[in-house]
Amino acid sequence: MRLDLTDLLYALSFALDKVETELLGLDTGHGKHVAYLALLMGAEAGFREEELRDFIGCCLLHDNALTEYIHEEFAKSPMSQNISAKLTDINDLKKSKMEHDHSIIGEQNIRLLPFRTDVKNIILFHHENADGSGAMGKTASGTTLKSQILHLADIIDMTTHLTKMTFAEFEELRGWIQNKMGSLFSKEAVELFLKAVDYEKIVCLQDKGVIPCLHEELHGEIIDYSDEEVHNIAGLFAQIVDYKSEFTENHSRGVAEKAEMMANYYGFDAEKAIRFYFAGAMHDIGKLVVVNDILEKPGKLTDNEFAEMKNHAAATHYILNQIKEIPDIVKWAGNHHEKLNGKGYPQGLTAQDLSFEERIMACIDIYQALTEKRPYKDGMPHEQSISILLDMAHKGEIDEDIVHDIDIVMNSTAQRK
């Protein structure tokens with residue numbers, strides 16, 4: 001399957017940034033801002049283009065494990081407004097179990113991605129201070145230059161508002177960074193920042209937006225990835241989505257697996273089958289933009305809450321539409337809540353608008369939701385789930401022929417278990 005991995009990570013970092021905004025009160029765009037600063041510094045350090053692509057991929061996903069700690073002790077309130085107070089907040093956070101563990105899990109997760117250069121320990125050590133006072137007690141000499149660059153870029157974006165920064169504030173930031181050389185930041189990272197990042201680069205970000213600035217500095221590359229590599233990419237992001245809420249702990253992965261089973265049943269060729277798996281894994285990526293107060297509300301949602309919940313399908317469209325090479329996947333994933341009778345969302349499409357593949361995904365999503373166990377319910381048995389799907393088909397909502405096929409495939413699988 002052909003993908004521009006950097007393009008993919010730009011798009012998906014939008015969803016991760018929404019999680020960080022919810023949890024940390026950070027400005028939207030945190031991952032991309034960090035990647036932009038790190039890219040400038042990495043280029044100054046002489047990293048090769050292929051190396052830079054992989055490096056900023058790690059920067060975009062440096063907090064990829066955050067959803068796994070959404071119910072942990074990390075405070076949701078925004079940090080203080082001045083640099084010194086924020087630095088105190090950051091150092092307090094580094095002492096928490098979450099700060100330590102999410103770096104370890106994030107490092108493990110990133111190994112699933114098919115980077116072509118060495119990215120070892122970039123994420124693992126991105127919370128380490130130069131003097132050894134960070135989460136794992138590593139000094140600068142015990143970490144990598146890339147992790148030191150990421151650490152500096154991360155703290156800059158956490159403690160400032162780059163999109164609103166004045167020249168005077170930028171000069172203050174430069175002085176503060178120099179003052180923290182040897183304690184918070186390594187000498188090498190500080191020198192790279194001072195050489196690579198001038199105020200014109202900040203103005204570019206403010207005037208053009210971070211994605212155009214990133215594209216100006218580094219071009220992506222479309223690569224033909226193996227089925228195993230695509231499984232790993234899709235699996236990682238399905239895992240990130242599923243960890244957003246304990247209510248949907250295995251949903252995306254379950255939909256992806258069943259999508260591949262149905263693709264094989266219908267005789268899709270290998271390329272189409274892996275794309276269908278990818279669509280299943282990504283179909284709920286938009287749920288990362290929905291706050292957990294709504295995702296996990298035990299009672300009935302209000303009209304306004306339900307409207308926000310429905311926005312996740314439109315968000316899935318928005319996120320995936322930013323990725324080249326996958327217009328088919330955008331439709332298969334983004335239209336899983338559409339109904340044949342036009343009463344679905346987000347676009348209110350009807351039977352004539354919905355392809356066979358989109359109809360399959362809609363049925364799989366419902367079947368998976370019915371059969372999976374959640375904190376507030378046990379999973380329904382296969383027969384009961386099929387009965388509900390058939391009732392929906394008789395109401396003109398979903399495709400009855402596909403329901404019968406799901407009955408054959410999933411019943412056979414259940415019997416083997």
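Begin by selecting lysine 146, which, leaving aside residues up to four places away in sequence, touches Phe47, Glu51, Phe55, Asp118 and Ile122. Keep in mind throughout that this is a predicted model. Lysine 146 belongs to helix α6, and because its relative accessibility is 11%, under the 20% limit, lysine 146 counts as buried.

Next, display helix α6 (residues 145–159) together with α2, and you will find that their axes come within 9 Å and cross at roughly 135°. The two helices are therefore oblique to each other, and their crossing is right-handed. To see the contact itself, select His30, His33, Val34, Leu37, Ala38, Met41 and Gly42 on α2, and on α6 select Ile149, Leu150, Leu152, Ala153, Asp154, Ile156, Asp157 and Met158. Coloured by class, this contact of α2 with α6 shows ten nonpolar, three polar and two charged residues.

On the α2 side the contact is made by Gly31, Lys32, Val34, Ala35, Ala38, Leu39, Gly42 and Ala43, and on the α3 side by Leu52, Phe55, Ile56, Cys59 and Leu60. Those residues divide into ten nonpolar, two polar and one charged. Phe55, one of the α3 residues in this contact, is also among the residues that lysine 146 touches.

From the helices, turn to the loops and their backbone. Select asparagine 121 in the loop between α5 (97–110) and α6, where phi is positive, at about 70°, although the residue is not a glycine. Asparagine 121 is buried, with a relative accessible area of 16%.

Move on to glutamate 325, which sits in the loop between α15 (303–320) and α16. Here too the residue is other than glycine and its phi is positive, near 75°. Glutamate 325 has a relative accessibility of 34% and so counts as partly exposed.

For the last stop, go to the loop between α16 (327–334) and α17 (356–371) and select proline 346. Show tyrosine 345 as well, and inspect the peptide bond that joins tyrosine 345 and proline 346, which is cis, with omega about 15°.

Notes. Residues are numbered from 1 along each chain as its sequence is written. This is a predicted model: local features need pLDDT of at least 70, side-chain atom pairs count only at pLDDT 80 or more; totals for chains, interfaces and linings use all residues. Side-chain values use heavy atoms; hydrogens and water are left out. Contact means heavy atoms within 4.5 Å. Helices (H or I, at least four residues) and strands (E, at least two) are DSSP runs, numbered from the N terminus. Ala, Val, Leu, Ile, Met, Phe, Trp, Tyr, Cys and Pro count as nonpolar, Asp, Glu, Lys and Arg as charged, and the others, Gly among them, as polar. Axes are lines fitted to C-alpha atoms, for helices over the stretch in contact, and angles run from 0 to 180 degrees between N-to-C directions. Angles under 35 degrees count as roughly parallel, over 145 as roughly antiparallel, 65 to 115 as roughly perpendicular and the rest as oblique. A crossing is left-handed if the near helix is turned anticlockwise from the far one by less than a right angle, and right-handed if clockwise. Buried means under 20% relative accessible area, exposed over 50%, partly exposed in between (1.4 Å probe, protein chains only).
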